[in-house]
Amino acid sequence: MVEFQEDLSVVLGGAAGQGIQTVEEILTRTLKFSGYNVYANKEYMSRVRGGINTTEIRVSSKRVRAFVKKIDILIPFKRGVLPWVKDRISESTVVIGEKENVEEEFLEKIHFIEVPLTKMALDVGSQLYLNTIAAGIVVGIFRGELSAVEEYLKERFGSKGKNVVQKNIEAAKKGYELGLKLLKEGAVKVEVQRKEKARNEILLSGAEAVALGALAGGMNFLSFYPMSPSTGVAVFAAQHAEDFGIVVEQAEDEISAINMALGAWYAGVRAMVTTSGGGFALMTEALSLAGMAENPIVIHLAQRPGPATGLPTRTMQGDLNLALHAGHGDFPRIILAPGNIEEAFYLSAKAFNLADRYQVPVIILTDQYLVDTYYNLPELELDKVKVEKHIVEAKPGYRRYELTGDGISPRAIPGYGEDVVVANGNEHDEWGDITEDAELTVRMQEKRAIRKLKTIKKNAPLPRLIGGEDAKYIIVAWGSTLHIVEEAIEKLGRDDVALLHFSWLYPLNPEAKKFFEGKTIIAVELNITGQFAELLRREFGIEAHHRVLKYDGRPFSVEEILGALKGVIE
Amino acid sequence: MNLPKGREAFEPKRPGSKDVAWCPGCGNFGIRNILISALTELGLRPSQVAIISGIGQAAKMPHYINANGYHTLHGRAIPIATGVKVANPELTVIAEGGDGDMYAEGGNHLLHAIRRNPGITVLIHDNQIYGLTKGQASPTTMKGMKTPTQPWGVFEEPFNVIALAIALDASFVARTFMGYFRESVEIIKKAIEHKGLAIVDIFHPCVSFNKVNTYAWYREHTYWMDDHDPYDREAAFKRAIETDPLPLGVFYINEKPTFEELVPAYKRDKTPLWKREPKVEEIKKILDIKRRL
C-alpha cells in the first residue's frame, strides 16, 4: 500500500484532443470546492491532435503554488505517457489506468492499479465518458464532494442537453465509487486535511489575472495577433468585451496591433497589446515610436523559448534582454514581471497608471509557466486598484512636449480642449513640430533618456526580501519563479538563506543595491545566460557568485532548485 | 485667448511650422490648400480633426496644418488612425501619406483596413516616386522609368490601388489630381463625410525627382468621369483598369457599417471609449464565478 499525506501531485497525461483539460477542470474545481488547496500547471505540445500533454495538479492541506517534479498519482490516457515522464516517476508513484497504457518496463517500478476505464465508459454508453470516470476516481480517492462534481457537470455540459449531463454524472459516480473502493481496499491511502477556507477562494489562471488586472486598471482597448502563449489574455478579454464595453481587435499582424494601441492611447484610451517574443520583435519599431513620441503603451509579453519560433508552447525567461533593448535609440521603459497570480493582477492594473503617468512603454513580462498556471487564492482587493488619470485639457497655447524639471510633459488628447495636440516620431520642439536644431535635440534627448528615467528610477519600488535581512546567502529570482524558489528555500530549512525577488525589473531603484552588500549572491533564472544577473552587473556592478540556470523549455521544479541550492551552499 | 475661426484656424502659428520642408512648386502645397478648404467648408474646428501621417514629405502635413496631428512611422498611419477613431469616433480622422507609405510599407494595413472599414479618410499623395529618399521607384512608378536604383528601368507592374480597393469591396474609392483645385476639394469633402473607410488617391507631381509625371502630364493623361455611377461596382471596376487616360473622380461607393459601429463596445453605449471608466462590478461578477465551481 502506498500512503500519501498532506501534499500530493496528481499528473494526467494523454494526447492533445483526448480531453485531459476536462479532467483537469473537474478535478481542480471540485477538489477546491471540497476544501482542498489546489494548484495546476500544464505542459503541452505545439499541435492540435496527438502527441503527449500533461497536467500536474497539486492537492494539499497547505497553500501550494509551485511546480514539483515528483508524481504521486499518474493517470495515463495513452501509451507513451510513462516514458515521457519517466524521470518524474519513483517507486512510490501510483499509476491508475488501463494496462494497455502502461509500458511493460514500468510495471516493476511503480504501483499499478488497474482500472477498466474503457469498459466502464462503454457500460455508461460510450468511450466518451472515460475522462469523467477517471476524474470521478480521483475525486473519490480524496473523498471529495460528489455533489460538487455533479453540479460542475451540469454547468459544463448543460448546453449539450440533459442526456449528456445525466450520462456524465453516471460516469462520475461510477468512478467515484471505484475511488472509494480503492481506499477501502487499501490499494492507496490518501490523508490530506481539508481547509474550509479554500472552498470559497478564487480559482484563477495567470492569463486571466493579467486580463482582469488590465480591466481593473482601466484598459478599454486590446489589440493583438494570436501567438502562444500570450493569446489567453486576448481570449478572456474578447469573451468579456461587451460586458466591459471595451474593444478587442485581432489585427492583421503585430505591427498593426501595437500601432492601433498607440493611436488609441494618443486619443486618450488605455490600450494594451498581448504578444510573445516573435510578435514583440515585430513591435519594436513602434516601441521606438512610443519612446520618441512619449506615447504611453502597455505590452503584455508572455515569454516562450526562442530564438525565432523556438518552442512555441513551452516556457523560458529568455526575453528580458529583448524587452530591455528593443527599439532603436535611447528612451526609458518600465519592465514588470509578476511573481504570481496576485501580482499578475495588481501589476497589470498598475501598468496603465505607470504608462499614463510617465508616458513610456510598460512591458509586463510573464511566461508560459505563469499564464498557464492556476491555483486558489484569497480575495483580490479591488479597492487597492486606483485608476490614476494624467490627462490634461488642451488649452490655447498647449505644448505637447513642454520641457519640465522631471522630464514629464502634461499630456493632452485630441478633442479635449480647444487647442490641438501634435505628437511626433521625429525629433521635435516643445509644440511637437520637427526640429533639427542641435541644442534642442540635446535637451529633448536628455528630457527622455535622463530626466524622465531618473524620475522613474526614484519612484521604482524595491525588490521583496523574503527571509532574514542578515542572511548570508541571497537567492535572486525574478518573475514567475517566485514560489518555486520560495518552496525550495523552505525545504532547505536554513535561516541564512533569503530570497530577493524582483517583480519590478527595470529601471532599478538605486537603493536596491543595499540588499546585495556583503552577501553571497545566487541568481536563479530560466535562461541560458542569466539575463537578469547581467542586468544587475550593468546597473550596480554586482556580480552573482553562482548562477542556477535552466533552459530546456520546462519550468524549474522545487526539487531542482533545492538540489542546486544544496550544491552551492553545502 | 480666442482661437481664430474659418480657414485661418487651420493655419498653424507654431514656430516650427514656419519652415516648410517641401520643394518650391511641390504638389504637396496644393494638397495642403485643398485639405484646408475641405475642412473649412465642412465647418470643422482644428480640435475636431486628427491628421495621422506616416513618414516622408507627404507625411509632414500635420506640421503645416493646424489640427491635431501625429507624425508616426513609415506605413503605419492607417493602424494608428484606426486606433484614434475607435477611441474617439467623434473625431474626424485622416490618415495621410505618400505612395510608398500607403502602398509599399503600409500595403498590408491598407488591405486590412478595407476589410475592417474604420471611419477614416485615407489620403495618398501619389507622385509615383520616392521623393524624400531622392528618387527611387515607388509601387506606382510607371514601367520603364529609369531611376538611380532602377537604372535598367522599372519592370514591375505599377500598383493599381483603385482596382484593388474595388475588388475588395472598399467603402469609398476616389482619385483626383491636385492640379484641379475645386474638384479635389469636393472629392475630399465627400470622402470625409463618407461614413466608412474612404480612399483618395491624389496625383501630384514631384518637381525634383519625377521628370515624367509632371503637371502637364497629369492634365494630358487624365479625364473626369462625368457619366459614372459610383454605386455600380462593375462599371467602377471597368473604369479602374483603364490606363490612359486615367479616370478621375469617385469610382465606387459602398455604404456599409464601420468598424466603430460593429465593435461590441459601441453597441449599447455611444460614449467614446476614452471617456469610460473601468467596470469594477463586472470584475466582481467574474471573481464570484471563479469562487464557485
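Biologist: How many residue pairs are in polar contact across the interface of domain 1 of chain A and domain 2 of chain A?

Modeller: This is a predicted model, in which local features need pLDDT of at least 70, side-chain atom pairs count only at pLDDT 80 or more, and totals for chains, interfaces and linings use all residues. Residues are numbered from 1 along each chain as its sequence is written, chains are lettered from A in the order in which they are written, and side-chain values use heavy atoms, without hydrogens and water. A polar contact is a pair of N or O atoms within 3.5 Å, one able to donate a hydrogen and the other to accept it, where residues adjacent in sequence count only if both atoms are side-chain atoms. With both residues at pLDDT 80 or more, the rule finds across this interface 16 residue pairs.

Biologist: Which element gives the largest share of the side of domain 1 of chain A that touches domain 2 of chain A?

Modeller: Strands are DSSP runs of E of at least two residues, and helices are runs of H or I of at least four, numbered from the N terminus. Two elements of chain A give two or more residues to this side, α1 (20-33) and β3 (37-43). The largest share, 7 residues, comes from β3(A).

Biologist: Which residue meets Glu342(A) in a salt bridge?

Modeller: A salt bridge puts a side-chain nitrogen of Lys or Arg within 4 Å of a carboxyl oxygen of Asp or Glu. The rule finds 2 across the interface of domain 1 of chain A and domain 2 of chain A. At 2.7 Å, N to O, the side chain of Glu342(A) meets that of Arg65(A).
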